[in-house]
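Q: Could you take me through a few features of this structure, step by step, and show me how each one is read?

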Amino acid sequence: MRRRALTSKPPEWTNWARSARATPAAVATPHSEDELVALVRAHTAAGGRVKVVGGSHSFTPIAAPDLENTLLISLDGIQGITHVDVITGEVSVLGGTRLWTLADALEPYGLALPNMGDIDHQSLAGALSTGTHGTGLGFTGYSGMLTSLRLLLASGQVVTVSRSQDPELFEAARVGLGAMGIILEATLRCVPSFDLAAAEHPESLEGMLTSFVDRSRTEDHLEFYWFQHTDMVSAKVNTRRPMGGERAPLKRAQHLVDDEILGNGGHRALCELGRILPRTVPRLNRFAASAMGDRDYVDRSDRIFVSPRRTRFREMEYAVPLADAEEVLREVIRVVNGYRDGITFPIEVRTAAADNTWLGTASGRDSAYIAVHRFIKEDHLHYFAAVEPVFKAAGGRPHWGKIHTLNAQDLAGLYPHHADAVRTRDRVDPTGRFSNRYLETVLGPPPS
Ligand SMILES: Cc1cc2nc3c(=O)[nH]c(=O)nc-3n(C[C@H](O)[C@H](O)[C@H](O)COP(=O)(O)OP(=O)(O)OC[C@H]3O[C@@H](n4cnc5c(N)ncnc54)[C@H](O)[C@@H]3O)c2cc1C
């Protein structure tokens, strides 16, 4: 029997990090594009609003159905690859497709995503809409991989946009925050499948701080984690290798011990202990830093890029100009070490190449990403408020899906194309059919 697309008694919606909540007017899970288009047209024609969600993995309320008469639509029922061009590597993917399905689906064509972030639970459209990224100066975030988008507009019209077809809307919708239209399908340029050789080792904090920018230019994918009150980092260096070479994947038992027991279960226990006995945090952090990764292995790229994240947390992440990374990092570390509470989650540092998206956090500049996290059961707001001024002073741009306090006026000063994006949103959604409170904060209210 077919599932009903619309439920009459909607439950409260919340995100993965439980940092945003809202109760929509109704919830729908359409199972075909025709069904989705009909639902959106009917609800908006009756004066309602629509919010689509992918994995609800954004920490900000960007996906919250929090304005009056909002229909919440999950795209989980409409997923998959629709077209593959093995010559150009261009692959068309339905917007709701979860990233974790893509590697297996692309493998038979000898293709892979050029880069990935830390997890793969997001939908492709959600990742695009928030400027989701991984690490590596030779690579952009997901939106830099795009060649075209097929969008359902607030008017009910379905359009295809690219560099040659309505380029303004294409540029605005590449990192569109969910404000420009519903992404029905995205076409991405993929690359030949590849393996990654992972080298995860402890290093000195001082050595990493002084060499990070230079090493980021030579390594394929470099990132590191640093825990409060420690002088070591856990460095991750991933090197690309053509397929067909020898693999040395993590053994199941090693994965279980390192990633599940020490990485997830053990880290959760440590967070709980640090919360109850705050004075133990420096010792706990030294233990955590020493227990994190001292290993080498080789596997298919997605299995190396992505790690399980089972202990819930809240996160703030800013992109700062790459050239300023060392200075900003030293200041962040000073503030975190001086912070009144023990913090049991590390900061994470990554990079991405400049892209030409209008609202991408690396738009127009090579960037270093610095992320601070806090365990879900602890007060993240006070901690983030202590660190955020460092990012703001550095001209940092906040990740659209991670907690920050900037508004449209602040953001207009950080993005040369912010006004162009707002003008485009006003053109395609003048009455805010796809809006919510977060979008009104970061783009300003729609014109009518
Ligand atoms: C544990 C964890 C790890 C993370 N790791 C990383 C990382 O490594 N790198 C990084 O950059 N970020 C990371 N993030 C942030 C995450 O990638 C982004 O917040 C991303 O948007 C989540 O995708 P989603 O499918 O959950 O989107 P949602 O949170 O569901 O939605 C985000 C926005 O996209 C819009 N949207 C969704 N579907 C569509 C559609 N079809 N058309 C138009 N708009 C749409 C929504 O309306 C909303 O505005 C992480 C988050 C978590 C919780």
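Q: Where is His229 found?
A: Helices (H or I, at least four residues) and strands (E, at least two) are DSSP runs numbered from the N terminus, and His229 lies in the loop between strand 15 (221-226) and strand 16 (232-242). The model is a predicted one, in which local features need pLDDT of at least 70, side-chain atom pairs count only at pLDDT 80 or more, and totals for chains, interfaces and linings use all residues. Residues are numbered from 1 along each chain as its sequence is written, and side-chain values use heavy atoms, with hydrogens and water left out.

Q: Which residue in the loop between strand 11 (158-162) and helix 4 (167-174) can I look at next?
A: Asp166 is placed there, and although it is not a glycine, Asp166 has a positive phi of about 45 degrees. With a relative accessible area of 32%, Asp166 is partly exposed.

Q: How many bridges join strand 19 to strand 20?
A: Two strands pair if DSSP finds at least two bridges between them; here five bridges join strand 19 (residues 347-352) to strand 20 (residues 367-375), and the two run antiparallel. Within this pairing, Arg350 has Tyr369 of strand 20 as its bridge partner.

How values were computed
Buried < 20%, exposed > 50% of the residue type's maximum accessible area, 1.4 Å probe, protein only.
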